[in-house]
Amino acid sequence: MLRTEGLAKTFTLHLRGGMQLPVLSGIDLAVSTGECVVLSGPSGAGKSTLMRSLYGNYRAEAGHIWIRHHGEMIDIAAAEPRIVLAVRRETLGYVSQFLRVVPRVSTLDIVADELITRGVAQDEARDRAGALLLRLNIPRRLHSIPPATFSGGEQQRVNLARGFIAAHPILLLDEPTASLDADNRAVVIAMVNEAKARGTAIVAICHDAEVRDAIADRLFPLSPTQEAA
Amino acid sequence: MTLLRARGLSLRFKAIRALDDVAVDLWPGEVLAIVGESGSGKTTLLNVLSGRMAPDAGTVWYTDPEGQEHDVHAMPAPALRTLHRSDWGFVHQDPRQNLRMNVSAGGNVGERLMARGARNYGDIRAEAIDWLTQVEIDANRVDDLPRTFSGGMLQRLQIARTLVTHPRLVFMDEPTGGLDVSVQARLLDLIRTLVARLGIAAVLVTHDIAVARLLAHRIAVMQRGRVVETGLTDQVLDDPQHAYTQLLVSSVLQA
Amino acid sequence: MTEGYNFAYLDEQTKRMIRRALLKAVAIPGHQVPFGSREMPLPYGWGTGGIQVTASILGHDDTLKVIDQGADDTTNAVSIRRFFAKTAGVATTTHTAEATVIQTRHRIPEKTLRDDQIIVYQVPQPEPLFRLESSRVETRRMHGLADYGLMHVKLYEDVARFGQISISYDYPVLVNQRYLMSPSPIPAFDNPKMDRMPALQLFGAGREKRIYAIPPWTQVRSLDFEDHPFRAINAPEPCGLCGATDSYLDEVITDDHGGRLFVCSDTDHCAERRAAGHIGKDGFAEAAE
């Protein structure tokens, strides 16, 4: 479903006199249908950078990122922006650590919009969004409020709902349970395992050992690139 | 097929290079933000792309609904004007530039319909009221003059006036400039929703990176008349490659 | 007969220049053609444009009628008629049927004009869009591109505000499905007469230096909405003097006690009807001359 070949990423900081910051090199990662791979390694090993590169948020400097999109392998590292957008819309979901809020849009609509842009009827989309939010213990009275004023944990759960609702064939999860309590962690673990059962390929970053053990089929170790000055 | 395609655009104002070999591709339904500081040439690019200003060199092609490409700057004036009042729209930073301040809100919204040949008063009025509601202006203000409107309302009225003919392509020049922050947020959300729902393609000029992030699929960064970087909005803003883009992104205050 | 003056006052060069403008105006119905308007021996607003057009088309054999608000006997009408009688020596008349050239201010005669007649309108403001768009460059562009949405905006505003189109005179028309045109300040009642009129219609604006024309049998449509169609408005009763129900009426105040009388604005039409024995409810026997 997802395969990288010789993926490398170096940041060039022009504001620091062109300083080179190599983070990833020679990454060969492959994830199959129904498999959950958890990236492991110490802070600074480049887990988040790899995750963002997979999503096309960071520009790969070398190598390929092959994504199966409607049965066809597409190289995210080289695809045109509108192709990347189509892949993100239909194939590649991403749950970031932090919710980027859109002013004035209600929590329910933030989640339902993910379905509506994929052609689901408005009523059905809102019903499904409401159900998923309830499952993640976001009470109904909060559904009509924009999430800007929510706590960190609530925002993360809204983000999870938004990431999971469209059932993308490939999901990238960046610390999905970082600010959650035990009850909600259990809900997330169940959701991840249901997704895997559906055949979703998952790449995750997860520091919580309990959650990691519950979802990971294997670990993909990363170590800090040594050339970093 | 691209909706709008430009190659090799160059334009000088005396010693200043306002545009220097600029290329642009815009696909149907895509929102492209042109960012850069004042004087970087972004408004000039908008004016050249929309045919309001002729370049010294280079070509802009527009693909009509039948798939036919037209050289925008070689088009006869009547055809270009027809385009501007039907398939295209232009949203100015100052809504007063576009609105008729001595004509009611309903008349302002209805003008493009009438220019296109609508001759049924009841239909025109119903459509005007529908559009006022869509831009969150109370329907009972339909007969009020724009001069009784606030700045944010004027901008929303301009958007209703522009979108009423369902254009395929809208040019926007700093549409949220000069508005209070709270008013800006509401307007941005409105533009975002309408553009997505109607599948409108847009070229948006802004110096505000947050506006670009919220509205645009793609960003082109301009510096001294050149496009120095272009790509997916989140890619350009989160992983800027060019020195100027890095400076631009790092200069934004974090709220 | 025309001692001390060139025929019809204007010099031949000027008349030739105006005829060229007229030919162009006829060729492009409704389009405003600029011309070098001359100083005339009367002030602007008194028909300097109409007089120059009349002077340019008048021949020795013509018979001239001049009306002002439908009447042959107002100061303006009498002055212009005498002006041409003196400078061109042409025959003059008050009878519509006898005239070959009719110069008018604010009316079209009730009697249907024929294809051997020419009507010359005095025009104060030739630009129909001038109240709506102050830039002449912009209005010229609008005419060039037939971009008349703005004129409909004005009609829209009328209906929104008053429930109907409230223009009662100088009601804008579209000529030959192309040019938006001011019919000069004639009542909207007269607009239908312009449509497919057998006579040639010429328009002269002296101060604004514009000439335009409608060739015979040309379509002239008053702008409107499908659901608010053009309506010619008239007084609600017949002419008090001749009893006509199909002519445009003036309201005349007859005393200090609210007494009033509606009479034909076209004095020749009214007199002819009375001569033929039509007497209205306020008509006097002696009115029939």
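Okay, one definition before we start: helices (H or I, at least four residues) and strands (E, at least two) are DSSP runs, numbered from the N terminus. Now the ground rules. This is a predicted model, where local features need pLDDT of at least 70 and side-chain atom pairs count only at pLDDT 80 or more, while totals for chains, interfaces and linings use all residues. Residues are numbered from 1 along each chain as its sequence is written, chains are lettered from A and ligands numbered from 1 in the order in which they are written, and side-chain values use heavy atoms, with hydrogens and water left out.

Let's begin with chain C. Chain C is built from seven helices and twelve strands. Its radius of gyration, taken over C-alpha atoms, is 20 Å, close to the 19 Å from the globule rule for 289 residues, so chain C is as compact as a globular protein of that length. That rule is 2.2 Å times the number of residues to the power 0.38. If you boxed up the C-alpha atoms of chain C along the principal axes, you'd need roughly 60 × 55 × 35 Å.

How much of chain C is buried? Buried residues are 54% of the 289, where buried means under 20% relative accessible area, exposed over 50%, and partly exposed in between (1.4 Å probe, protein chains only). Now take contacts, meaning heavy atoms within 4.5 Å. Of those in chain C between residues at least 6 apart in sequence, 62% join residues at least 24 apart.

Ser184(C) sits in the loop between strand S7 (179-181) and helix H6 (191-194) of chain C. Its phi is near 70°, a positive value in a residue other than glycine. Is Ser184(C) buried or exposed? Ser184(C) is buried, with a relative accessible area of 1%. The other one is Ala146(C), in the loop between helix H4 (136-144) and helix H5 (149-162) of chain C. Ala146(C) has a positive phi too, near 50°, but Ala146(C) is partly exposed, at a relative accessible area of 33%.

On to chain B. Here we get nine helices and ten strands. The radius of gyration of chain B is 18 Å, close to the 18 Å that the globule rule gives for 255 residues, so chain B is as compact as a globular protein of that length. The C-alpha box for chain B, along the principal axes, is roughly 55 × 45 × 35 Å. Buried residues account for 58% of the 255 in chain B. As for contacts in chain B with a separation of 6 or more, 66% are between residues 24 or more positions apart.

The size of an interface is often given as the accessible area lost when the parts come together. Here, buried area is what two parts lose on being put together (1.4 Å probe), summed over both.

With chain C, the area buried is about 1,800 Å², and carbon and sulfur atoms give 55% of that. On the chain B side, Arg81(B), Arg119(B) and Tyr121(B) lose the most area to chain C, together 40% of what that side buries.

With chain A, 27 residues of chain B are in contact with 23 residues of chain A. The area buried there is about 2,100 Å², with 52% from carbon and sulfur atoms. Which residues of chain B lose the most area to chain A? They are Leu232(B), Gln235(B) and Asp239(B), together 25% of what that side buries.

That's my tour, thanks!
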